[in-house]
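My entries follow in the order I made them.

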Amino acid sequence: MTKKKIIYIIIFILSISIAVTLYLIHNSSKNMRTIMYFPMDRTILYKRVETSLTIETVKDKNQLQLLSRSQTNKPVSFRQDISLLYRNDHLINVLNRYEQNVSSIKQIAYDPLIQGKYVAISFHHSENRQNQVILGRDLLSHDDLSLMPLNNYFISFRKPETPSEKVFLDALNTSLNRERLKMITKAEDEYKINPSSYYIIPLSELVKYQSVPLPGLTKEKTYKVISQLWEGLYKNVFNGIKISEHHIEKSTGSRMPIVLLSKQSTHLYILLETAKKQLVILKQQIH
């Protein structure tokens, strides 16, 4: 083999190596993309945010449809929507999509029909980058739907309209509240957290604090706290729940997080419980 041919082969191999390396870097950066809190950009307005749970027929079979979509008043540098779907407070599905230089995002997922109380929560995130300054705008939306078995089909409702629906939902809520109390008691026993020093807020109830501030906080501080909270959830739920430095459990089957907001407005805790009933607590300082 001539020296010239050897040089050509080396150059060819190097070019392939560089291309593969760049491809891996590109794909790993896509997977590493994470939600971050940025100060509010008041020029970004949401024309529409929606999370809905409905029963739809897919291939001649009834399925639970989770629809999440949002639209801003203009294209922004970065858009991302994430959704969590819970059945009886246990995580069963996750949606996550991000786009650059768009205004709209739409996502749909389907799950089999199983009796219980379903809750879907979506976090709609936008970023604008101009002159090395990054500003953002976030908004929440949610929906809930209860499925009650009747003969060979399901009745769906959001608010009970019949005595049997009320009995069904009351029994579910009693069970869910009992399990939430167990999580809080476990946090008290294992981490010496005094529940009476905190406002107790299940994740599904955060949506209402978009129109009114969290207890003890201003509306502006509430926005920052909720956005930072979802930044933490994204890192610790969407990518698995970190038990220790070398142990991460899948988030599927984990319980709906409970927020403990300090009555002194200095910090909050996020209680997470894995499918194996391992309690994990995240702490977020309030500045």
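**Entry 1: ground rules.** I count a contact, or touch, when heavy atoms lie within 4.5 Å. This is a predicted model, so I note that local features need pLDDT of at least 70 and side-chain atom pairs count only at pLDDT 80 or more, while totals for chains, interfaces and linings use all residues. Residues are numbered from 1 along each chain as its sequence is written, and side-chain values use heavy atoms, with hydrogens and water left out.

**Entry 2: L203.** I listed the contacts of L203, leaving out residues up to four places away in sequence. L203 touches L84, Y86, I121, L229, W230, L233, M256 and P257.

**Entry 3: confidence.** I checked pLDDT, the predictor's confidence in each residue, from 0 to 100. The protein has a mean of 88, and 88% of its residues reach 70 or more. Residues 3-32 have a pLDDT below 50, and this stretch makes 4 contacts in the model beyond near neighbours in sequence.

**Entry 4: overall make-up.** I took helices (H or I, at least four residues) and strands (E, at least two) as DSSP runs, numbered from the N terminus. The protein has 3 helices and 12 strands. I call a residue buried under 20% relative accessible area, exposed over 50%, and partly exposed in between (1.4 Å probe, protein chains only). Of the 287 residues, 44% count as buried. I also looked at contacts between residues at least 6 apart in sequence: 63% of them join residues at least 24 apart.

**Entry 5: the core.** By nonpolar core I mean a set of buried Ala, Val, Leu, Ile, Met, Phe, Trp, Tyr and Cys residues joined through side-chain atoms within 4.5 Å. Which members of the largest core touch the most others? They are L203, L206, L214, L229 and W230, out of 34 residues. At least two core residues come from each of β2 (61-87), β4 (116-130), α3 (219-238), β10 (258-262), β11 (267-273) and β12 (279-285). Helix α3 supplies the largest share, 8 residues.

**Entry 6: the cavity.** I worked on a 1 Å grid over the protein atoms alone. There a cavity is a set of points where a 1.4 Å probe fits but cannot get out. A pocket is an open set with protein on both sides within 12 Å along at least five of seven lines, and lining residues have an atom within 4 Å of a point. Grid points are joined across faces, edges and corners, and a volume is the space filled by probe spheres set on the points. My search of the whole structure found 1 cavity of 30 Å³ or more. The largest cavity holds about 30 Å³ of space. I find I201, L206, L214, V225, I226, L229, V259, L261 and L268 lining it. Both α3 and β10 give two or more residues to this lining, and α3 gives the most, with 3. For classes, I count Ala, Val, Leu, Ile, Met, Phe, Trp, Tyr, Cys and Pro as nonpolar, Asp, Glu, Lys and Arg as charged, and the others, Gly among them, as polar. The cavity lining has 9 nonpolar, no polar and no charged residues.

**Entry 7: the largest pocket.** I read a volume of about 330 Å³. Of its 18 lining residues, M40, D138, L139, Q210 and Y223 lie nearest the centre. Strand β5 (133-150) and helix α3 each supply at least two lining residues. Again α3 gives the most here, with 6. The lining divides into 10 nonpolar, 3 polar and 5 charged.

**Entry 8: the second largest pocket.** This one holds about 250 Å³. I count 13 lining residues, with K117, V119, R180, S204 and E205 nearest the centre. The elements β4, β5 and α2 (163-191) each supply at least two. Helix α2 has the largest share, 4 residues. By class I get 3 nonpolar, 4 polar and 6 charged.

**Entry 9: L85 and R87.** Is L85 buried or exposed? L85 counts as buried, at 0% relative accessibility. It sits in strand β2. Leaving out residues up to four places away in sequence, L85 touches, among others, L53, L64, L66, Y118, V119 and A120. R87 also lies in β2. R87 is partly exposed, with a relative accessible area of 22%. Under that sequence cut-off, R87 touches I92, I114, Q115, K117 and Y118. R87 and A120 are 33 residues apart in sequence and 8.9 Å apart in space, C-alpha to C-alpha.
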